[in-house]
Amino acid sequence: MKTNDVILQFTAKLVFFIIFFYAVHIFFAGHYTPGGGFVGGLVTASAIVLLVIAFDIKTVQSIIPINYLSLVAVGLIIAGGTAAFSMFMNEPFFTHYFDYFYLPLIGKTSLHTAALFDLGVYLVVVGVTMTIIQTIGEDE
Amino acid sequence: MKETILLIALTLFMVAIAILLYRVIAGPTLPDRAIALDTIGVNLISAIAIISIMLQTKAFLEAILILGILSFIGTIAFSKFIERGVIVERKGDS
């Protein structure tokens, strides 16, 4: 019997974008409301897991051609680089900087280097979760 | 008055979760348990919403949405396991 999951695959295509943009919102809202890099990374990973469940690993790997192990490395470099940057400015390790900028279309915005550290955490969480799931899923 | 109504609603949701828990434990087949777990997720979302009204905070809205996403994905994974026996396929011909 040939199985047919049209409804699941169509729903997965739609819901993936909803979950992914919600994860981006959680990531950027982490400074003033609950959320942040860790939860955002987990929600992004669960969006990709939804695609993996609806399709299969080879298809998802061709849709999102990312090597998740190097994603972990890039995240660690970003987080460590943000922490180490202040050492080159003759200030203690992990000193963060922030300032207010006037961006076009958005207006007065406070940009903080803690967001860069959060980006590193986000990439590491996505990479580690997807590596675990891919490794277990490919095992026979 | 409002507090009483919210407490009554919360109690009713707890009773519903307890009854569903009975279905999870005593359910004769696996799909019964999957459906009961999915409904427990929905009732849990409602209970969190009522608690966040009682505490007068907006901090639980993220938890509500994330619980909805996780309940959805968990139910899909469970039902795929029931149907196919595997959750993650390596290479399907679909």
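Because the model is predicted, local features need pLDDT of at least 70 and side-chain atom pairs count only at pLDDT 80 or more, while totals for chains, interfaces and linings use all residues. Residues are numbered from 1 along each chain as its sequence is written, chains are lettered from A in the order in which they are written, and side-chain values use heavy atoms, with hydrogens and water left out.

Helices (H or I, at least four residues) and strands (E, at least two) are DSSP runs, numbered from the N terminus. Chain A contains five helices and two strands, arranged from the N terminus on as α-α-α-α-β-β-α. The radius of gyration of chain A is 18 Å, well over the 14 Å that the globule rule gives for 140 residues, so chain A is more spread out than a compact globule. Here the radius is taken over C-alpha atoms, and the globule rule is 2.2 Å times the number of residues to the power 0.38. Along its principal axes, the C-alpha trace of chain A spans about 70 × 35 × 25 Å. Of the 140 residues in chain A, 37% are buried, where buried means under 20% relative accessible area, exposed means over 50%, and partly exposed lies in between (1.4 Å probe, protein chains only).

Chain B has three helices and zero strands, so to speak a plain α-α-α order from the N terminus on. Its radius of gyration is 17 Å, whereas a compact globule of 94 residues would have one near 12 Å. The C-alpha trace of chain B spans about 60 × 30 × 15 Å along its principal axes, and 29% of the 94 residues in chain B count as buried. Contacts (heavy atoms within 4.5 Å) give another view of the fold. Among the contacts in chain B with a separation of 6 or more, 48% are between residues 24 or more positions apart; for chain A, the corresponding share is 58%.

The next topic is the meeting of the two chains. The size of an interface is often given as the accessible area lost when the parts come together. Chains A and B bury about 2000 Å² between them, with 66% of it on carbon and sulfur atoms; this buried area is the accessible area (1.4 Å probe) that two parts lose on being put together, summed over both. A:Tyr22, A:Ile53 and A:Asp56 supply 29% of the area that chain A buries against chain B, more than any other three residues. In all, 26 residues from chain A and 18 residues from chain B take part in the contact.

Charged side chains come next. Side chains of opposite charge can pair when their charged atoms come close. A salt bridge is a side-chain nitrogen of Lys or Arg within 4 Å of a carboxyl oxygen of Asp or Glu, and the whole structure holds four of them over all chains. The count between chain A and chain B is one: A:Asp5 pairs with B:Arg84, with the closest N and O atoms 2.6 Å apart. A:Asp5 lies in the segment before helix H1 (6-29) of chain A and B:Arg84 in helix H3 (residues 61-84) of chain B, so the pair joins two chains. A:Asp5 counts as buried because its relative accessibility is 16%, while B:Arg84, at 26%, counts as partly exposed.

B:Arg84 also forms a salt bridge with B:Glu83 (3.3 Å, N to O), and B:Glu83 is exposed at 58% relative accessibility. Another salt bridge brings together B:Glu89 and B:Lys80 (3.0 Å, N to O), and both of these residues are buried. A network of salt bridges links A:Asp5, B:Lys80, B:Glu83, B:Arg84 and B:Glu89.

After H3 of chain B comes B:Gly85, whose phi is positive, near 90 degrees.
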